[in-house]
Amino acid sequence: MPKQTEQRSSPSHKGVLELAESDNSKPKPVFNSLPKGSVNSIFIVTTPAMGGSKLTEEEQALPLVDAAVEHGVKHIVFNSVERGGDGRSWENPTSVPHFLAKHNIEIYLRDKAEKEQGKFTWTILRPVAFLENFKPGMFCAVFTAMWASALSAETKLQLISVRDIGKFACQVVKKAVGLAGDELTLDEARAKFDSVTGKKLPQAWGTFGKAMLWAIKEVGIMFQFFEDEGYHVDIEARRRDVPDLQNFAAWLKAPSNGWAN
């Protein structure tokens, strides 16, 4: 996914957004079309090659960081992934390929800021597994089947809503921070789902979950990380930052997520 549509503030109309198609691996044309220094901040999201992109995540992010700094962008937000706690994540690239890629981008961003001596600041957001994996549809059943197949009954999985990632991004916290809103075993997730929706949490056949973990190697490695190491976000600390941080029940009750009665 080298090309993507971006939103940017119009230099001539305060508060107005215009759309621009860009290539993250060759981002200079977008910045060159704007007055130097007119972009205050950018939010970088990369996608794993397994998601259909032919570019590595480093190839998507590093040219964009360099072009942004050259243009005069003052703050860069990078959406990364949690790898065992705010401190440990710096030292734990993990064996999960797309976690490793995001770790490398974090290090590049941090070190570039140090070399540039105050030209720009950064925020690194490290979300855990998305609550949006439970949106109504086939993937919800598949995700539950993989969870049941890969994780032991007592292993908890931390979860975060995409809405709350956006809330933290707006805070411009200027540090690297893990993001999670809930922590559940699969049985706890099933109980909450039943309590809120009155239905059973959808789950595909166990053999299908195992087959998916085997067929998509990177997903299998990721679930093994969940079992062996897991996410370690201080959820209560994050809730002090965002008091209405969504847990699983609150997310299920939100009409936009498709499960509200």
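A residue is called buried when its relative accessible area is under 20%. The structure shown in these views is a predicted model.

**View 1. Strand S4 pairs with strands S3 and S5.** Strand S3, residues 41–45, runs parallel to S4 and is joined to this strand by five bridges. Ser 41 has His 75 as its bridge partner in S4. Strand S5, formed by residues 121–127, likewise pairs with S4 in the parallel sense, over five bridges. Here the bridge partner of Ile 76 is Trp 122.

**View 2. Helix H6 has buried residues along one face.** In this helix, which comprises residues 162–171, the buried residues are Asp 164, Ile 165, Phe 168 and Ala 169. Seen down the axis of H6, these buried residues fall within an arc of 150°, and therefore they line one face of the helix.

**View 3. A nonpolar patch lies on the surface.** The patch is formed by Met 138, Trp 205 and Phe 208, which together have about 410 Å² of accessible area. Met 138 belongs to helix H5, residues 138–150. The relative accessible area of Met 138 is 54%, so this residue is exposed, the cut-off for that term being over 50%.

Conventions. Residues are numbered from 1 along each chain as its sequence is written. This is a predicted model: local features need pLDDT of at least 70, side-chain atom pairs count only at pLDDT 80 or more; totals for chains, interfaces and linings use all residues. Side-chain values use heavy atoms; hydrogens and water are left out. Patches are made of residues with over 30% relative accessible area and no salt bridge: like charges are joined within 9 Å, nonpolar side chains (Val, Leu, Ile, Met, Phe, Trp, Tyr) within 5 Å. Accessible areas come from the Shrake-Rupley method with a 1.4 Å probe; for residues, only the protein chains shown count as cover. A salt bridge is a side-chain nitrogen of Lys or Arg within 4 Å of a carboxyl oxygen of Asp or Glu. Helices (H or I, at least four residues) and strands (E, at least two) are DSSP runs, numbered from the N terminus. Buried means under 20% relative accessible area, exposed over 50%, partly exposed in between (1.4 Å probe, protein chains only). Two strands pair if DSSP finds at least two bridges between them. The arc is that of the directions from the helix axis to the C-beta atoms.
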